[in-house]
Amino acid sequence: MTLTVLRALGLITIQDLGRPGRMHEAVPPGGALAIDRLIAANRAVHNPDDAPALEILGQLVVRAERDVEVASDGRPPRALAAGDELTLASEPRRVAYLAVRGGIAAPRLFGGRGALVSAGLGGVIRVGQRLQTAQLARVRPVPVPARPAGPIRLVAGPDPDHFGPGALDLLIASEYRISPTSDRIGTRLDGPPVPRTQLPEVSRPMVIGAIEVPHDGTPIVLGPEHPTTGGYPIIAVVTRADLGALFAIRLGGAVRFTR
Amino acid sequence: MASWTPLGDRAVRFARPDRSARAIVHAVRAWPGVIDVVVARGDVAAYFDRPPEVTWAQIEALATAPDDPAPVRDVWLRAVYDGPDLEDVAARTGRSVADVCALHAAATYRVEMMGFAPGFAYLTGLPAALELPRRTTPRPRVPAGSIAIATAYTAVYPFASPGGWHLLGTVVDGPMFGPDGARLQLGDRVRFAP
């Protein structure tokens with residue numbers, strides 16, 4: 001064994017790049033909340049991008065049971081000696097990743113090794129759990145291009161008829177805060193309600209990053225475990241390149257959007 | 001004219017052609033760059049691993065797309081009709097509880113759509129006599145394996161979840177979703193065996 005979990009606060013899971021290709025069976029894409037941060041952590045320890053790593057929404061304390069090389073997000077790798085303890089918290093962000101050289105060992109279930117809580121696949125990491133490392137070969141890392149700072153970019157639509165004129169302008173002109181009730185299914189945004197019409201709701205295909213608006217006008221950004229279909233209209237969709245930046249904003253933190 | 005609308009920068013949505021979900025999924029998955037397809041009642045979404053490139057001709061061709069060549073599966077689900085809404089459904093449809101169970105068990109269903117939760121299959125073929133609107137107040141928790149009806153559909157809840165359908169019984173011969181995936185697939189012919 002490589003790591004023993006001494007403390008696990010919040011939601012700690014093994015994550016990789018998800019289980020694409022099964023949405024027609026109503027299986028959401030899954031995978032890391034902030035894909036770019038998972039990739040950065042993996043590359044720092046010369047892992048392939050899809051190596052399973054620990055996703056930390058809270059705080060994790062582990063003890064190394066043998067010498068091991070680890071990395072968190074984009075920081076340089078560090079060597080842990082047997083007996084060393086490491087504390088890693090998602091603060092000041094919402095999520096952090098701990099990658100281990102070689103990857104975390106996890107069974108491949110249904111095309112992925114990460115936890116998909118909504119489908120009962122993979123488990124939640126608990127105190128006392130012993131984690132093994134996999135033996136993934138070293139790869140030469142390519143640098144992770146930095147995302148330019150600035151507001152989160154949106155693609156308008158696809159349901160303009162369900163919103164009043166100016167609804168998207170309001171979303172873009174306003175500051176929202178990441179609601180503490182957010183999870184891997186949806187990230188709720190506290191702020192000005194988005195005005196919508198009362199056209200009948202139709203169950204339609206959904207996508208990660210879609211900003212759906214329920215009756216009370218509170219926008220919800222769909223995360224990796226989103227239902228594949230849903231009835232709330234979508235006012236806009238977060239661009240794929242900005243999803244990780246949005247999902248890494250700490251609970252209560254501010255977010256602004258742009259077109 | 002077949003048109004589509006962007007669903008973000010990695011997916012497109014378009015009106016569903018008059019084909020089975022199985023045929024649509026089979027055809028759209030063959031488009032270059034497509035990694036996923038979701039077919040809903042009136043819409044289809046295609047998900048790409050790159051910025052989507054779709055032509056009208058591709059969408060128009062779906063109207064005559066051949067069915068998935070894989071054989072249609074026949075699936076039997078062992079059912080116990082012990083649901084908490086049996087008497088309510090009987091009262092609303094003007095039938096006895098025994099009639100409701102017999103009607104539901106006599107029909108042959110098809111998986112025409114999947115959504116809502118992993119492995120949740122919308123089955124068409126519900127006898128018209130059993131069509132009811134959803135419950136006015138959804139239940140906060142419907143147990144996994146529950147056999148339910150609402151509008152023109154019947155379904156089995158793969159996982160415990162909130163739900164607004166009428167509960168008729170339970171599938172007792174195994175989970176609807178496991179490590180190998182969903183027990184029901186698009187196009188399956190499904191019978192309930194009491």
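Reply: In this predicted model, chain B has 4 helices and 15 strands.

Me: What makes a stretch such as residues 11–15 of chain B a strand?
Reply: A strand is a DSSP run of E with at least two residues. Residues 11–15 of chain B form strand β2.

Me: How do you know that β1(B) and β2(B) pair?
Reply: Pairing requires at least two bridges between the strands. β1(B) and β2(B) have 3 bridges, in the antiparallel sense, so by that cut-off they pair. Within this pair, B:Pro6 stands opposite B:Val12 of β2(B).

Me: Which strands are the edge strands of the sheet in chain B, and what makes them so?
Reply: The open sheet has 4 strands in the order β1-β2-β4-β3 (chain B), with antiparallel pairing. Its edge strands are β1 (4–6) and β3 (34–39) of chain B, since each pairs on one side only. From one strand to the next the twist averages 20 degrees.

Me: Where does helix α1 of chain B lie relative to the strands?
Reply: Helix α1 (residues 21–28) of chain B lies across β3 and β4 (43–48) of chain B, and runs at about 165 degrees to β3(B).

Me: Why is α1(B) called mostly covered?
Reply: A residue counts as buried when 20 or more other C-beta atoms lie within 10 Å of its own. In α1(B), 7 of the 8 residues are buried, namely B:Ala21, B:Arg22, B:Ile24, B:Val25, B:His26, B:Ala27 and B:Val28. Their cover includes β3, β4 and β6 (109–114) of chain B.

Me: Is B:Asp36 buried or exposed, and how do you know?
Reply: B:Asp36 has 26 other C-beta atoms within 10 Å. The cut-off for a buried residue is 20 or more, so B:Asp36 is buried. B:Asp36 lies in strand β3 of chain B. Leaving aside residues up to four places away in sequence, B:Asp36 touches A:Pro20, A:Gly21, A:Met23 and B:Tyr47. The C-alpha atoms of B:Asp36 and B:Phe48 are separated by 7.1 Å, and the two residues are 12 apart along the chain.

Me: How many residues of chain B are in contact with chain A, and which strand gives the most?
Reply: Contact means C-beta atoms within 7 Å. 36 residues of chain B are in contact with 29 residues of chain A. β1, β2, β3, β4 and β14 (181–182) of chain B each supply at least two residues to that side, and β3(B) gives the most, with 5 residues. By class, the side of chain B that touches chain A has 22 nonpolar, 7 polar and 7 charged residues.

Me: Why does the radius of gyration of chain B agree with a compact globule?
Reply: For 194 residues, a compact globule would have a radius of gyration near 16 Å; chain B has 18 Å, which agrees. The C-alpha trace of chain B spans about 55 × 35 × 30 Å along its principal axes, and buried residues make up 42% of the 194 residues.

Me: What is the division of chain A into domains?
Reply: Chain A is divided into domain 1 (3–131) and domain 2 (152–258). The bounds come from an automatic or database domain assignment. The C-alpha centres of these two domains of chain A lie 27 Å apart. Their contact takes 20 residues from domain 1 of chain A and 16 residues from domain 2 of chain A.

Conventions. Residues are numbered from 1 along each chain as its sequence is written. Chains are lettered from A and ligands numbered from 1 in the order in which they are written. This is a predicted model: local features need pLDDT of at least 70, side-chain atom pairs count only at pLDDT 80 or more; totals for chains, interfaces and linings use all residues. Axes are lines fitted to C-alpha atoms, for helices over the stretch in contact, and angles run from 0 to 180 degrees between N-to-C directions. Two residues are in contact if their C-beta atoms, placed from the backbone, lie within 7 Å. Ala, Val, Leu, Ile, Met, Phe, Trp, Tyr, Cys and Pro count as nonpolar, Asp, Glu, Lys and Arg as charged, and the others, Gly among them, as polar. The radius of gyration is taken over C-alpha atoms; the globule rule is 2.2 Å times the number of residues to the power 0.38. A residue is buried if 20 or more other C-beta atoms lie within 10 Å of its own, exposed if 12 or fewer, and partly exposed in between; C-beta atoms are placed from the backbone.
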